[in-house]
Amino acid sequence: MAGIGSSNYWEDLRKQARQLENELDLKLVSFSKLCTSYSSSRDGHRGDTSDTTPLLNNSTQDRMFDTMSVEIEQLLAKLTAVNDKMAEYTNTPGTASLNAALMHTLQRHRDILQDYTHEFHKTKGNFLAIREREDLLGSVRKDIETYKSGSGVNNRRTELFLKEHEHLRNSDRLMDDTISIAMATKENMTSQRGILKSIQSRVNTLANRFPTINNLIQRINLRKRRDSLILGSVIGVCTILLLLYAFH
């Protein structure tokens, strides 16, 4: 009799789990449709300038969202409690022969619970992200409308300030470009000066390393100068003699 009572207890827990899972499945489908319709209604009223109907619709959807969130969280908590009771039952004496089958059934219910929990949090997170984004866009649109509804003088003054600010930004940008070009030119000249110093240093090193070559070059230059003087003198004498011969 104890075994029959335990079996009935297990079946009651399974029935409760299946009932809660069915309720959660229906609730999550409705919850997902609510989030989808919320996003669609926001997109549909994005260009609408009326402030009455969109606010009422969105307020109703927000209340429905809060209500359904609480209901789903309660169902998840109940299903978690049922799963915990099923886990306790698998550890009771006298269920060792059925432990494998019971554990398999329990694991399947746990997987379903985990999937429903994940789906709920994902849908809820998407809904909250859409609502936060739309609230931010609504605040921006309200600021734009407030700006547009201001007096013409204030708008004109603001436009002048904005243009002046843009001119200052352009001037700063040009100054930054000019400074960048000057810095690049300076770096290039510094690099070239380093290269020339390196070449000069190498030439001086070669000159100091081979003094005999320097002496030989100097002698060759002196001999060239002397030969040039002698050749010039001979040419001058010959020219004078030819002139004397021609006018004699």
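How many helices and how many strands does the protein have? It has 5 helices and 0 strands. Helices here are DSSP runs of H or I with at least four residues, strands are runs of E with at least two, and numbering starts at the N terminus. Along the sequence the pattern reads α-α-α-α-α.

A word on the ground rules. This is a predicted model, where local features need pLDDT of at least 70, side-chain atom pairs count only at pLDDT 80 or more, and totals for chains, interfaces and linings use all residues. Residues are numbered from 1 along each chain as its sequence is written, and side-chain values use heavy atoms, with hydrogens and water left out.

Confidence next. The pLDDT is the predictor's confidence in each residue, from 0 to 100. The protein averages 78, and 75% of the residues score at least 70. Among the helices, α2 has the highest mean, 83, and α4 (residues 152–209) has the lowest, 77. Residues 47–56 fall below 50. Beyond near neighbours in sequence, that stretch has 2 contacts in the model. Contact means heavy atoms within 4.5 Å.

Now the inside. Of the 248 residues, 19% count as buried. Buried means under 20% relative accessible area, exposed means over 50%, and partly exposed lies in between, with a 1.4 Å probe and protein chains only. A nonpolar core is a set of buried Ala, Val, Leu, Ile, Met, Phe, Trp, Tyr and Cys residues joined through side-chain atoms within 4.5 Å. The largest one has 27 residues. The members touching the most others are L24, F31, I72, L76 and M86. Helices α1, α2 and α3 (99–148) each supply at least two residues of this core.

Take L24. It sits in helix α1. Is L24 buried or exposed? L24 is buried, at a relative accessible area of 0%. Setting aside neighbours within four places in sequence, L24 contacts I72, L75, L76, L79 and Y116. L24 and L76 are 52 residues apart in sequence, yet 7.6 Å apart in space, C-alpha to C-alpha.

M86 is another core member. With neighbours within four places left aside, M86 is in contact with W10, L13, R14, A17, L106 and H109. Across the protein, 78% of contacts between residues at least 6 apart in sequence join residues at least 24 apart.

On to the rings. Rings of Phe, Tyr and Trp (its six-membered ring) pair if their centres lie within 6.5 Å; planes under 30 degrees apart are stacked, over 60 edge-to-face, and the rest tilted. The count is 5 aromatic pairs. One of them is Y9 with Y89, a tilted pair at 6.0 Å centre to centre and 50° between the planes. Y9 belongs to helix α1 (residues 2–44) and Y89 to helix α2 (residues 53–90), 80 residues apart. Y89 is buried at 10% relative accessibility, while Y9 is partly exposed at 39%. F31, F65, F120 and F127 form one aromatic cluster.

The unreviewed UniProt entry annotates residues 229–247 as "transmembrane region". Such annotations use the numbering here, have shortened feature names, and may be inferred rather than shown by experiment. In the model, this span is 100% helix and 0% strand, and its end C-alpha atoms lie 27 Å apart.
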